[in-house]
Amino acid sequence: MKTYRSQEWFGRKDKSGFIARSWLKNQGLPNDAFDGRPVIGICNTWSELTPCNAHLRDLADNVKNGVLEAGGIAFEFPVMSLGEALMKPTTMLYRNLASMDVEESIRANPIDGVVILANCDKTTPACLMGAASVDLPTLVVSGGPMLNGKHQGRDIGSGTDLWKFSEDLRAGLISQSMFDEAENGMSRSPGACNTMGTASTLACMVEALGMSLPGSAAIPAVDASRRRAARLSGRRIVGMVQEDLRMSRILTREAFENAIIVNAAIGGSTNFILHLLAIAGRIEVPLTLDDFDLLSQNIPLLANLKPSGEYLMEDFYYAGGVPAVISQLRDKLHDKVMQCNGKTLSANYADAAIFNQRIIAPAEHAFIKDAGTIVLRGNLCADGAVIKPSAATPALLNHKARAVVFENIEEYNQRINDPDLDVTADDILVLKGAGPKGYPGMPEVGNFGLPLKLLQQGVRDMIRISDGRMSGTAFGTIVLHVSPESCVGGTLALVQNGDLIELNCHERRLTLHVSDNELARRRESWRPVMPDYPRGYASLYIQSVEQAHTGADLNFLPGKSGSHIKREPHPE
């Protein structure tokens with residue numbers, strides 16, 4: 001019989017083995033639970049404070065049943081949960097902390113393989129980052145999207161329609177009562193955002209990487225198929241342990257390239273870039289910001305989903321989901337890569353089909369011919385910035401105008417509704433102080449609202465530039481992740497009201513039309529303004545976080561430490 005890692009705890013006939021077995025027996029486990037069968041850890045980000053993940057306890061039971069059916073034994077354990085809707089100042093501040101929790105929880109315990117239960121935006125990448133640094137057999141079960149929202153006889157989507165309702169309320173186009181009514185209809189069931197926001201983007205990313213069972217990414221949270229997928233995942237992880245199919249055998253360079261291509265085709269969130277870079281750093285696969293630009297060029301938009309289209313995730317699943325999209329990209333993907341079920345991508349998606357072409361288009365009839373993320377370069381973003389053209393106003397993708405500058409989010413909040421604000425619809429709005437160090441945590445403020453007086457004139461989009469992020473549910477002509485950020489002295493810190501800025505997406509340039517001599521003069525008088533966090537994790541984060549173009553991980557976390565425990569806890 002194969003000897004598994006867990007036998008370092010349970011297979012010993014000494015005091016340490018006695019302790020490991022005896023204490024677990026207080027849960028009613030029989031002697032044969034420790035007879036050498038695979039031990040599976042169910043890494044659960046369940047929390048009632050994370051509404052997207054509040055149903056994961058139910059999925060954990062299904063995973064556990066699958067593990068038992070396959071001859072393994074399962075132990076569920078909690079890790080830090082990151083609830084996008086409630087946590088302040090931003091969940092991105094805590095993504096790396098949660099990844100440390102996951103990594104150390106897996107390594108320190110008698111676990112041979114891991115099933116990750118995640119759903120809300122940062123829970124998925126945090127778990128993958130932590131698990132990658134241990135590199136055991138691992139697969140992911142996402143919680144799935146909630147059902148379509150409903151309001152006044154039509155479907156509404158998480159975030160995307162909220163931003164529209166919010167701007168219409170500010171402009172006086174809808175009443176407070178209508179706004180409140182929409183609130184009651186938007187979140188109708190358990191699950192994550194029902195748009196192609198960050199949560200669903202990352203579920204699709206995980207499937208494209210080969211880290212979840214084929215066809216499972218988009219299953220609605222309340223669909224019985226979601227429970228079946230969890231149960232089948234429980235069975236499969238036992239097989240992965242027996243085959244020693246570790247993360248590093250699945251997360252190859254080719255798998256990351258596949259994920260980038262699929263993300264472009266579904267109109268996925270720009271947050272995908274930060275998280276995929278961080279995961280690649282943990283599993284030690286070379287990946288750069290420029291790869292996202294190169295690999296997503298000439299990739300068609302095949303999914304007609306909000307915020308880049310009309311439909312929602314429930315519709316996407318019934319139209320064919322990720323398998324249908326992959327079926328249209330086979331000539332662009334590495335189809336021989338190994339996936340978590342032990343089969344190649346080619347074998348897994350050979351029979352995939354589109355069931356509704358209004359929602360998923362054949363490649364020859366794409367909704368947008370070239371829709372991938374654009375990586376910008378220029379003197380305003382020496383290390384890069386990103387823009388999602390499928391969610392932008394085409395007429396603004398090549399535009400030159402004067403800057404209207406907000407030094408931080410507090411100044412923005414004070415000035416944006418001022419009827420005397422010196423701004424026109426042609427201007428470019430600039431927000432500083434929203435980067436990884438400067439906020440801290442790089443919040444989703446990049447899609448900051450438009451000036452009230454312009455909203456009242458009917459304006460609904462302007463170019464906005466910041467060193468922050470935006471929600472995957474958001475839309476607009478928005479330049480994000482400007483690197484280096486303003487807080488560390490990136491050129492963004494030197495922009496002043498009235499400066500000319502040019503966005504040229506065709507040439508992938510973002511240019512501040514200010515002379516080098518003038519910028520040097522401004523830099524002499526510039527002083528950094530660091531956020532006031534003198535202690536604790538936030539202080540460590542500010543000291544250690546890397547910039548957006550490398551994934552905003554902490555500088556001591558990239559790489560693998562493996563699963564070996566260097567010291568024994570008890571003396572012989």
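The questions and answers below concern a predicted model, in which local features need pLDDT of at least 70, side-chain atom pairs count only at pLDDT 80 or more, and totals for chains, interfaces and linings use all residues. Residues are numbered from 1 along each chain as its sequence is written, and side-chain values use heavy atoms, with hydrogens and water left out.

Q: In what order do the strands of the open sheet of 4 strands lie?
A: Strands here are DSSP runs of E of at least two residues, and helices are runs of H or I of at least four, both numbered from the N terminus; two strands pair if DSSP finds at least two bridges between them. The edge strands, each pairing on one side only, are β2 (73-78) and β4 (138-142). With parallel pairing, the order is β2-β1-β3-β4.

Q: What angle does the direction of helix α9 make with that of β4?
A: Axes are lines fitted to C-alpha atoms, for helices over the stretch in contact, and angles run from 0 to 180 degrees between N-to-C directions; contact means heavy atoms within 4.5 Å. Helix α9 (residues 224-243) packs on the sheet and touches β1, β3 and β4. Its direction makes with that of β4 an angle of about 175 degrees.

Q: Which element supplies the largest share of the lining of the second largest pocket?
A: A pocket is an open set of points on a 1 Å grid over the protein atoms alone, where a 1.4 Å probe fits, with protein on both sides within 12 Å along at least five of seven lines, and lining residues have an atom within 4 Å of a point. The second largest pocket has 24 lining residues, and those nearest its centre are Trp9, Ala20, Ala108, Asn109 and Pro110. At least two lining residues come from each of α1 (7-10), α2 (15-24) and β2. The largest share, 6 residues, comes from α2.

Q: How many residues lie in the hairpin between β7 and β8?
A: Strands β7 (residues 374-378) and β8 (residues 381-387) run antiparallel and are joined by 4 bridges. Val375 stands opposite Val386 in β8. The hairpin joins β7 to β8 through 2 residues.
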